[in-house]
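Look at how pairs of helices pack against each other in this model. Two packed helices are described by the angle between their axes and the distance between the axes.

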Amino acid sequence: MCQKTQDIAVQRDFTSETDGNRTSLNPSSVVVINLDQGDPTVFETYWRNVGEKSTITFKGDQSLSYFANAKNLCWFLEPKLEEEIRRLHNVVGNAKVEDHFIIVGNGSSQLIQAALYAVSPSDHPEPISVVAATPYYSAYQEVADLLRSGLYRWGGDAYSFDKDEPYIEMVTSPNNPNGVMREPVVNRPQGKIIHDLAYYWPHYTPITSQVDHDIMLFTYSKCTGHAGSRIGWALVRDKDVAKKMVKFMEVSTIGVSKESQLRAAKILGVISDSCQNDKSPDLDNFFEYSQHLMAERWEKLRQVVKVNELFSLTKYPSEYCLFTKDFTQAHPAFAWMSCKSNMEDCEKMLRGHKILARSGSRFGSDPKYVRISMVGRDQEFNLFLERLSSIQEITSGN
């Protein structure tokens, strides 16, 4: 177990009482469990076990230039990263990469801004509306309104959008926060669609088709767990849109760190190798390993919720996955949980038990809902289950 500050704080939440080999947890502890953010440390054990196969070193004279490939439209994209991105999508079969340009960004958050800039008409008299169907990713409104752009502004719920004018619709599939697959809602000729596919990987959801959209956004952090490297990529069909996205990146950050790109290329290569036994037979298939891990967590959470009458969770259908060649359910990175009782503010209630979750109101939804991260460390997740169980016990006692 990694002995970082967060883990040490969680360890101190244990009481001195023991029952055999089991240590009891104190639900009234002062330690707060933060499940508001989706920090994907759940995959640490896998990468620790991979060891040297995922290691990369840099020499002092390496990567000095701004340019990675001056002949490429995305001139700061490392060729090795482009190669491994295309390879991984072909191995998994989740997105079509042929006839698409690859744009690398500092996480998908920057690419969202680049895509909004690229598809916004420059000659429109007013900023055009950016919409998403509720419950929508909570950061979309912040991203759309942060710079107070003259090109675009937040337009709210796509289900309520009725203006006869150009618009941009963000389609997140699987959706953050509730993990369901999504399609565009507005469906009008004047619209531009940006598909956010951060979670369309086999450990989170069945791969039911190879998607092929004009703009598709992916993030290294949610695929592999390496959030700290800040790498995302866009698959863009139209050359002019791709050029404008590159221009946004050029002006805002003059490209993307080469060290992060090369590390990402190494990690993505390890994942592809793990999925192809002839390439690296001693590696556990990353997606099979991670899918098992996520399924186990979801089963534990559903068991806790089942025995009380306070909460409910989203249910997912069993679907055939083209990658695993089997029927499976989604096991999203977040749980979309609601209070079944007369409690009107689920986030506030959980906060009273020192569990931080993100309120449904942040997603344009009802505060009876909360989004809970499922991708933290084991100790944190297990403590959360203990706390959630204790809420039921206390309620029943009352």
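Helix α3 (residues 79–92) and helix α8 (residues 258–275) have axes that come within 9 Å and cross at roughly 30 degrees. Helices here are DSSP runs of H or I with at least four residues, numbered from the N terminus; axes are lines fitted to C-alpha atoms over the stretch in contact, with angles from 0 to 180 degrees between N-to-C directions. The angle makes α3 roughly parallel to α8, a label for angles under 35 degrees. The crossing of α3 and α8 is left-handed, meaning that the near helix is turned anticlockwise from the far one by less than a right angle, while clockwise would be right-handed.

This is a predicted model, in which local features need pLDDT of at least 70 and side-chain atom pairs count only at pLDDT 80 or more, whereas totals for chains, interfaces and linings use all residues. Residues are numbered from 1 along each chain as its sequence is written, and side-chain values use heavy atoms, without hydrogens and water.

In the contact (heavy atoms within 4.5 Å), α3 residues including Leu81, Ile85 and Leu88 meet a set in α8 that includes Ala264, Leu268 and Ile271.

Helix α4 (residues 107–119) packs on helix α7 (residues 239–253) at about 125 degrees, with the axes 8 Å apart. That makes α4 oblique to α7, and their crossing is right-handed. Among the residues in contact are Leu111, Ala114 and Tyr117 of α4, and Val241, Met245 and Phe248 of α7.

Methods: Helix = DSSP H or I, 4+ residues; strand = E, 2+ residues; numbered from the N terminus. Parallel < 35°, antiparallel > 145°, perpendicular 65-115°, else oblique.
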